[in-house]
Structures are given as C-alpha cells and as structure tokens.
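Student: I would like to learn how to read a model such as this one, feature by feature. Could we start with the way strands pair?

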Amino acid sequence: MFGCWRRSWIRFADGTTDRTSQVIWLQTESMLVDVRIPGDRPDLSTRRGFADCSFDDLAALARTDASSGYTECGAVSPGADGSRTATACWHTRGHGVNYQPVSAFPEPGIMTWSEDGMTMIEEAPSGAYTEEWRLVPHSREPLSVAPHGAGQLYRAGGVAVFVRDRAVALPRPARLPELLDEYHHDRAFLTQLLDCEFSVAEQGAEGWTITASTLPWREGERLDVDLP
C-alpha cells in the first residue's frame with residue numbers, strides 16, 4: 001500500500017463510472033492523505049482567491065473531497081493468481097484534516113493487489129463502489145510526513161501533498177454543499193469554511209509544482225518541499 005496511487009476509475013452501485021476526476025492517495029508507513037478533485041469542476045484558474053469567486057464558484061469548490069489521517073490494514077491473504085487481498089480502515093475523523101465534515105463512504109475497503117504490486121482494486125463491503133488504483137512509478141521512497149509552515153507536508157517519491165486545516169470551527173457535521181446552502185447569506189463564513197488546503201505537487205527538473213489543489217488558484221505555483 002506504500003507510495004502514491006492515482007485512481008484510474010470508480011464504478012458506483014448504480015453502474016455509473018467516473019474516469020475524469022483527479023484522485024491522489026499518498027500512503028506512508030502509517031499516515032495517509034487523499035485528494036479528490038471532481039472532473040467537472042469548472043476552470044477557476046483566472047481566480048486569484050475567494051474574493052474573485054462567485055457563489056457558483058464556491059459551490060463547485062464545495063464538491064471537492066480530501067482527508068488525512070492514518071491507515072490500518074488487516075492480515076493479507078494470498079490468491080492463487082499471485083494477487084493479495086486485505087481489508088483496510090482509514091482513520092481521519094479526529095486524527096487528521098477533513099475537507100468534508102462528513103464522509104461520503106464511511107466503511108472499510110477490501111483491497112486486492114496485482115502480483116506486481118502496481119495495480120490495486122478497492123471494493124466497498126456494501127457494494128457501494130469499486131475503484132482501480134495505479135501506483136505512481138518510483139513513489140515508494142522516500143516516504144515522509146513533517147510539519148510545514150501552517151500545516152503538514154506528506155511525500156512519497158516525486159509526489160508531495162501540503163495540508164492546512166480551516167481556521168474556523170464547523171457549525172455542525174454536514175457535507176459542504178449543504179452548509180453553503182444554509183449559510184449562503186454569510187459570504188465571509190463560507191470562504192472560511194472552504195479555506196482548507198490540500199495541494200498536490202509533483203517534482204520536475206526545476207523543482208516542485210502544484211498540479212492539483214482544493215484552492216485552484218494555487219495550481220501552477222511552486223511548493224517548497226524540503227523534506228528528505
């Protein structure tokens with residue numbers, strides 16, 4: 001499970017499939033960070049911050065999901081075809097940062113790895129979804145997590161994720177679109193609710209560049225990654 005995984009697709013119980021969302025899962029020896037940017041999020045690259053966003057823009061941002069915490073994996077069972085299967089649980093509520101106050105799928109995952117360890121299938125025990133993940137090459141090391149500015153920096157090989165929590169307390173446990181509808185009259189509070197950063201950066205010849213973020217105006221910026 002170690003390394004950085006990109007989701008190829010997810011298939012839901014109703015038969016619909018999503019192949020366009022950007023989904024990154026970075027797993028160290030224990031700690032994890034997961035970032036999910038919807039494929040139909042509008043292009044907000046011209047925005048310079050929340051002040052430039054319309055209410056519709058804020059509503060689009062509210063459909064993002066991301067979390068951090070730690071992973072617990074059960075015993076691994078080998079298959080006759082060389083695959084391996086185990087059940088994993090993700091502990092994020094009270095153990096990390098959650099972009100969404102309420103999880104969309106609060107259940108463990110049945111994980112099956114291919115013989116070469118490069119492909120991972122995740123299935124919900126309830127049958128709610130099936131996901132395929134592909135390992136980013138050369139991302140199993142180095143693995144590290146450390147404080148970084150106002151947040152935490154996670155790294156797996158040439159991929160890093162900077163995580164910074166929102167500064168305000170949530171009014172109640174609910175998905176962000178519901179809270180936006182409830183507090184639509186309070187623009188300042190809405191921006192505080194959405195000001196929760198998960199920025200994915202990838203290493204290149206000239207340093208680390210943010211390629212996906214819950215704050216889209218950060219995309220294209222450099223990220224100072226000084227972890228080993």
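Tutor: Take β13 and strand β14 (residues 197–204), which pair in the antiparallel sense over six bridges. Strands count as paired when DSSP finds at least two bridges between them, and the elements themselves are DSSP runs numbered from the N terminus (helices are H or I of at least four residues, strands E of at least two). Before we go further, note that this is a predicted model, in which local features need pLDDT of at least 70 and side-chain atom pairs count only at pLDDT 80 or more, whereas totals for chains, interfaces and linings use all residues. Residues are numbered from 1 along each chain as its sequence is written, and side-chain values use heavy atoms, with hydrogens and water left out.

Student: Which strand does β13 join through five bridges?

Tutor: That is strand β12 (residues 151–156), which runs antiparallel to β13. Two residues lie between the strands in the hairpin of β12 and β13, where Gly-157 takes a positive phi near 60°.

Student: Why is β13 described as largely enclosed by the rest of the structure?

Tutor: The test is burial, which means under 20% relative accessible area, with over 50% called exposed and the range in between partly exposed (1.4 Å probe, protein chains only). Six of the six residues of β13 (residues 159–164) are buried, so the strand is largely enclosed by the rest of the structure. Both faces are covered, with Val-159, Val-161 and Val-163 buried on one side and Ala-160, Phe-162 and Arg-164 buried on the other.

Student: What should I look for in the nonpolar interior?

Tutor: In soluble globular proteins, nonpolar side chains tend to be buried together. A nonpolar core here is a set of buried Ala, Val, Leu, Ile, Met, Phe, Trp, Tyr and Cys residues joined through side-chain atoms within 4.5 Å. The largest has 37 residues, and those with the most contacts inside it are Val-33, Leu-58, Leu-61, Tyr-99, Leu-194 and Phe-198. Among the elements that each supply at least two residues of this core are β12, β13, β14, α1 (55–61), α2 (176–182) and α3 (187–194). The largest share, four residues, comes from α3. Apart from this core lies another, of 12 residues, among them Met-1, Leu-32, Trp-113 and Met-120.

Student: Which residues of α3 are buried, and what covers them?

Tutor: The buried residues in α3 are Phe-189, Leu-190, Thr-191, Leu-193 and Leu-194, and what covers them includes α1 and α2. Contact, in this reading, means heavy atoms within 4.5 Å. Leaving out residues up to four places away in sequence, Leu-58 touches Phe-50, Cys-53, Leu-180, Arg-187, Leu-190 and Leu-194.

Student: How many disulfides are there?

Tutor: A disulfide would be a pair of cysteine sulfur atoms within 2.5 Å, and by this rule the count comes to zero. Cys-53 is in no disulfide, the nearest cysteine sulfur, that of Cys-196, being 15 Å away. Cys-53 counts as buried at 4% relative accessibility. The sulfur of Cys-89 is 9.0 Å from the closest cysteine sulfur, in Cys-73, which is too far for a bond, and Cys-89 counts as partly exposed at 29% relative accessibility.

Student: How do I read the aromatic rings?

Tutor: A pair of aromatic rings is described by the distance of the centres and the angle of the planes. Rings of Phe, Tyr and Trp (its six-membered ring) pair if their centres lie within 6.5 Å, with planes under 30 degrees apart called stacked, over 60 edge-to-face and the rest tilted. The count comes to six aromatic pairs. In one of them, the rings of Trp-25 and Trp-133 have centres 5.2 Å apart and planes at 75°, so the pair is edge-to-face. Because Trp-25 lies in strand β3 and Trp-133 in strand β10, the pair ties together parts 108 residues apart in sequence. Trp-25 is buried, with a relative accessible area of 2%, and Trp-133 is buried at 0%.

Student: Where does Glu-115 lie, and is Glu-115 buried or exposed?

Tutor: Glu-115 is placed in the loop between β8 (109–113) and β9 (119–123), and at 62% relative accessibility Glu-115 counts as exposed. Not counting residues up to four places away in sequence, Glu-115 touches Asp-81, Gly-82, Ser-83 and Arg-84.
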